[in-house]
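This briefing is meant for a reader who has not seen the structure before. Please look through the sequence and the model first, then read the points below.

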Amino acid sequence: MVAIVDPDEELVRRVGQGDPAASQALVARKLPRILALAQRMLGDAAEAEDVAQEAMLRAWRQAPKWRPGQARFDTWLHRVALNLCYDRLRRRREIPTDAPPDRPDEGPGPDRGLLAAETGARVTAALKRLPDRQREAIVLCHYQELSNIEAAALMAISVEALESLLSRGRRALRQALSDMSPITAPKGDGR
């Protein structure tokens with residue numbers, strides 16, 4: 001068996017020993033990515049913050065018991081965050097609503113223009129319509145920038161199964177966004 005090299009091992013050990021500086025460093029290192037993962041999976045900033053906080057709380061509680069060598073801490077933390085997201089997504093399905101809740105626009109800032117905001121909103125909406133496993137694969141590989149091997153391990157599937165999910169997800173996104181044309185730079189007035 002190959003030993004797993006974990007860049008977070010020393011930091012997690014120090015968190016487990018109650019080192020406040022290590023706890024701050026762990027939060028600074030992991031919270032932004034976990035928050036981004038939850039926002040992309042849930043499409044709701046408030047719920048994403050709750051999930052990210054709960055995942056970090058679980059990391060803090062697990063740190064004293066963490067045994068290096070079985071899995072990378074980052075992989076475990078992503079799995080915890082994904083499980084928390086799926087719990088919330090299941091609860092959403094159990095409570096039907098007449099209209100979707102109001103939520104802030106998660107597209108690019110206003111300085112990027114209305115077209116960019118509309119494009120971002122359409123991509124987010126198309127991503128939310130994907131089946132959960134396809135969305136998870138795309139979020140992990142494209143937004144969280146995990147390798148196919150890391151994402152497959154996190155999802156507990158083979159790399160081939162992950163690539164199949166990615167392919168189906170990309171195809172569904174292309175189809176959902178097929179009416180959008182690439183943005184081109186404005187041309188001169190020809191004078």
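This is a predicted model: local features need pLDDT of at least 70, side-chain atom pairs count only at pLDDT 80 or more; totals for chains, interfaces and linings use all residues.

**Helix 2**
- Asp19 caps the N-terminal end of helix 2, with a side-chain oxygen 2.9 Å from the backbone nitrogen of Ala21.
- Helix 2 has 23 residues, which at 1.5 Å a residue should span 33 Å; this agrees with the 31 Å between its end C-alpha atoms.
- At Lys30 the helix bends by about 40°, and Pro32 follows within four residues.
- The buried residues of helix 2 include Leu26, Lys30, Ile34, Leu37 and Met41.

**Nonpolar core**
- The largest nonpolar core holds 45 residues; Leu37, Met41, Ala55, Phe73, Leu77, Leu140 and Leu162 touch the most other members.
- At least two residues of this core come from each of helices 1, 2, 3, 4, 5, 6, 7 and 8.
- Helix 4 gives the largest share, nine residues.
- Beyond its neighbours within four places in sequence, Leu140 is in contact with several residues, among them Leu37, His78, Leu82 and Leu154.

**Salt bridges**
- The whole structure contains 14 salt bridges.
- One of them joins the side chains of Lys30 and Asp8, at 2.6 Å from N to O. Lys30 is in helix 2 and Asp8 in the segment before helix 1, so the pair ties together parts 22 residues apart in sequence.
- Both partners are buried: Lys30 has a relative accessible area of 8%, and Asp8 is at 2%.
- Glu150 forms a salt bridge with Arg72, whose closest N and O atoms are 2.5 Å apart. Because Glu150 lies in helix 7 and Arg72 in the loop between helix 3 and helix 4, this pair links parts 78 residues apart in sequence.
- Glu150 is partly exposed at 25%, and Arg72 is partly exposed at 21%.
- Asp87 and Arg90 also meet in a salt bridge, at 2.5 Å from N to O. These two are three residues apart in helix 4, which means about one helical turn separates them.
- Asp87 counts as partly exposed, at 31%, as does Arg90, at 43%.

**Arg170**
- Arg170 lies in helix 8 and is partly exposed, at 34% relative accessibility.
- Leaving out residues up to four places away in sequence, Arg170 touches Ile138 and His142.
- Arg170 and Arg135 are 35 residues apart in sequence, with their C-alpha atoms 9.5 Å apart.

Definitions and conventions:
Residues are numbered from 1 along each chain as its sequence is written. Side-chain values use heavy atoms; hydrogens and water are left out. A nonpolar core is a set of buried Ala, Val, Leu, Ile, Met, Phe, Trp, Tyr and Cys residues joined through side-chain atoms within 4.5 Å. Buried means under 20% relative accessible area, exposed over 50%, partly exposed in between (1.4 Å probe, protein chains only). Contact means heavy atoms within 4.5 Å. The expected span of a helix is 1.5 Å times one less than its number of residues. The bend at a residue is the angle between axes fitted to the seven residues ending there and the seven starting there. A polar contact is a pair of N or O atoms within 3.5 Å; within protein, one must be able to donate a hydrogen and the other to accept it, and residues adjacent in sequence count only if both atoms are side-chain atoms. A salt bridge is a side-chain nitrogen of Lys or Arg within 4 Å of a carboxyl oxygen of Asp or Glu.
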